[in-house]
Amino acid sequence: MPEQYTIRGAGAEAIASDIEEAISIGALTPGAELPPIRELATQLGVNPNTAAAAYRLLRERGAVETAGRRGTRVRDRPATTPRSLRGLAVPPGVRDLSTGNPEPALLPIATAPCPRARAPLLYGEPAVSPEVARYAEASLAADGVAAEHLALTAGALDGIERVLTAHLRPGDRVAVEDPGWANLLDLLAALGLTVEPMRVDDDGPLTADMARALRRGVRAVVVTTRAQNPTGAAVSAARAEELRRLFADHDDVLLVEDDHCAGIAGVGLHTLSGTTRHWAFVRSAAKAYGPDLRLALLAGDRRTVERVHGRLRLGPGWISHVLQDLAISLWRDEAATRLVARAETVYSRNRALLRAALADRGVASCGRSGLNVWVAVPDETAVITSLLGAGWAAAPGTRFRIGTPPGMRITVSGIDADEIDPLADAVATALHAVGRGSV
């Protein structure tokens, strides 16, 4: 039933603004059902076309979604509010493994030296410092990514948004992983783009699903090549070859590759970059060096990178050279390099230990790379609640899923070795209890 909130307004913009305000103050909560278009039009005394236009505005702003017979509902994470309205409430004393964050003690930025004094940078000077350009060309080339054309953005999501808006229009179809990065799904909704889901296994997007998405006419594909969030999938050499063969017949598709965990993923890179005429490869520094290091390298074809630079020029202009200097100092620092390598070892060990412990208890999991392990569950609410009662918090899969079955994400970055068995016991107990209750 629609939530009991009296919507007001006489025009499409007024109606949409009223609903948006209700979402912001919590009067309409995530998942709340809005009235059918004709019913809303009757309530407000407006033409049904006006009500439909209001709902369309809200969809374009990422505030609501329309799901067939389920009608129009408030999104779980509306893009019109600065906060997530359906975050996991973690009680005091519960070990929080729901965040997706790296381990703070393994972040080099915590002890980074202040950048050296530099001559003032003036308007009209190059956006990318020569030192960063040289580093990017060498490091990306080592992984098989051409960096002849380069831009810098304020993190991976900023880079992905700029690439998508440089080529796409509202309504265009974009193939994404399912389950996939929640922030990316929110971004696509806010941009008015239509999602085409692709299932993933440990080796990345399923080839059959990618082929189906391409046949359905997607304009763009976004792939997380390794450390896929939330499943930890990593594109294998064999899968990469299969996907490249598909793109060979669809070189007009925009290919965006997200490499957000470079340095700590725990597996090598099998890049897809350069397979299509327009492409972008985005490598963030945040996970390995510190989330507050808001900088990502963006390589791509000349036209794509030029468009990104053009829009940057009309907004922030460039990524601060002070920040670029800090990044270069970290990338070149031997102690920082050792700490990043240690983080990769710790994260890989934690993933392997947890997955082995779960397997010993009859629980299947995914997590070839990155910071997380994904566990399929029969009922997210019941399992998450049981885990909270046992002192553990995991992230419910609903924020990541489009059409795939329920699951939960466990972040392993900060787990201690002596926590592995108690955590695995709690997961197995929760799953078995829910399984018995659902028979």
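A disulfide is a pair of cysteine sulfur atoms within 2.5 Å. In this structure, a search of the whole finds zero disulfides.

The model is predicted: local features need pLDDT of at least 70, side-chain atom pairs count only at pLDDT 80 or more, and totals for chains, interfaces and linings use all residues. Residues are numbered from 1 along each chain as its sequence is written, and side-chain values use heavy atoms, with hydrogens and water left out.

**Cysteines**

The sulfur of Cys366 has its closest cysteine sulfur in Cys261, at 17 Å, which is too far for a bond. Accessibility is given as relative accessible area: buried means under 20%, exposed over 50%, and partly exposed in between (1.4 Å probe, protein chains only).

| Residue | Relative accessible area | Class |
|---|---|---|
| Cys261 | 1% | buried |
| Cys366 | 27% | partly exposed |

**Strand E11**

Helices (H or I, at least four residues) and strands (E, at least two) are DSSP runs, numbered from the N terminus. Strand E11 spans residues 296-300, and five of its five residues are buried. On one side these are Ala296, Leu298 and Gly300, and on the other Leu297 and Ala299, so that both faces are covered.

Two strands pair if DSSP finds at least two bridges between them. Strand E4 (residues 150-153) runs antiparallel to E11, joined by four bridges. Strand E10 (residues 279-284) also pairs with E11 in the antiparallel sense, over five bridges. Ala296 of E11 is the bridge partner of Thr153 and also of Ser284.
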